[in-house]
Amino acid sequence: MRRLRDRKEPELFGPMYVASLPSPIGKIYVESDGERITRISFNNPGRGRGGRKPKALKEAVVQLGAYFAGRRKKFDLPFYQVGSAYRQKLWTRLLKIPFGHAVTYADLANNVGGNARSAGSACGDNPLLIVVPCHRVLGVSGLLTGYAGGLWRKKWLLEHEGVLPKELF
């Protein structure tokens, strides 16, 4: 993942560029400040800026489509996340959890500091769902807990990645 830190801060309260794509787990909305991806979610952010879609936004849609088609395991997108130093550290650590693997909130907290509850809170505030893989974090003993997109989506993502066996029915 590429982080563009040398550039100006994104315009947080101005209209963003928005694209959407269908997926097996519902419509996904991708927002961009024109240079970087600033949010990926399942909630419609409303109407974005008009005009041509920025390259980063188009590339995010292509990469997410490839992920859902089983042709991509990592993302290479410029992105920007707003958060405390702790959240930034935790989100960076999430990027190191490989496709097909998972860690517990306690393991994540031990790695970056804090406790399982603070790790869970930071995961819940992750603005880049799927791309920064907070869905790869589980509760104690592999229990599915918390996901901003809903537990059913977390389960689907983990099944898609082979962390959990796919249900037959």
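1. A residue is called buried here when its relative accessible area is under 20%, exposed when it is over 50%, and partly exposed in between, with a 1.4 Å probe and protein chains only. At 24% relative accessibility, Trp 156 therefore counts as partly exposed, whereas Phe 68, at 11%, counts as buried.

2. This is a predicted model, in which local features need pLDDT of at least 70 and side-chain atom pairs count only at pLDDT 80 or more, while totals for chains, interfaces and linings use all residues. Residues are numbered from 1 along each chain as its sequence is written, and side-chain values use heavy atoms, with hydrogens and water left out.

3. The protein has five helices and seven strands, where helices (H or I, at least four residues) and strands (E, at least two) are DSSP runs numbered from the N terminus. Along the sequence, their order is β-β-β-β-α-β-α-β-α-α-β-α. Of the 169 residues, 44% are buried. Taking contact to mean heavy atoms within 4.5 Å, 58% of the contacts between residues at least 6 apart in sequence join residues at least 24 apart.

4. A nonpolar core is a set of buried Ala, Val, Leu, Ile, Met, Phe, Trp, Tyr and Cys residues joined through side-chain atoms within 4.5 Å. The largest such core has 40 residues, and those with the most contacts inside it are Ile 28, Val 30, Ile 37, Leu 64, Leu 90, Leu 94 and Ile 130. At least two residues of this core come from each of strand 2 (17-21), strand 3 (28-32), strand 4 (37-41), helix 1 (55-68), helix 2 (85-94), helix 3 and helix 4, and helix 1 gives the most, with six residues. Leaving aside neighbours within four places in sequence, the partners of Ile 130 include Ile 28, Leu 64, Tyr 67, Phe 68, Phe 75 and Leu 157.

5. The axes of helix 3 (residues 105-112) and helix 4 (residues 116-124) come within 8 Å and cross at roughly 95°; axes are lines fitted to C-alpha atoms, for helices over the stretch in contact, and angles run from 0 to 180 degrees between N-to-C directions. The two helices are therefore roughly perpendicular, a term that covers angles of 65 to 115 degrees. Tyr 105, Ala 106, Leu 108 and Ala 109 of helix 3 make the contact with Ala 116, Ala 119, Gly 120 and Cys 123 of helix 4.

6. Helix 2 and helix 4 have axes that come within 10 Å and cross at roughly 80°, which means that helix 2 too is roughly perpendicular to helix 4. On the helix 2 side the residues are Tyr 86, Arg 87, Leu 90, Trp 91 and Leu 94, and these meet Ser 118, Ala 119, Ser 121, Ala 122 and Cys 123 in helix 4.

7. Rings of Phe, Tyr and Trp (its six-membered ring) pair if their centres lie within 6.5 Å, and planes under 30 degrees apart count as stacked, over 60 as edge-to-face and the rest as tilted. The structure holds four aromatic pairs. The rings of Tyr 67 and Phe 75 have centres 5.6 Å apart and planes at 40°, so this pair is tilted. Phe 68 and Trp 156 also form a tilted pair, at 5.8 Å centre to centre and 45° between the planes. Because Phe 68 lies in helix 1 and Trp 156 in helix 5, that pair ties together parts that are 88 residues apart in sequence.

How values were computed. Parallel < 35°, antiparallel > 145°, perpendicular 65-115°, else oblique.
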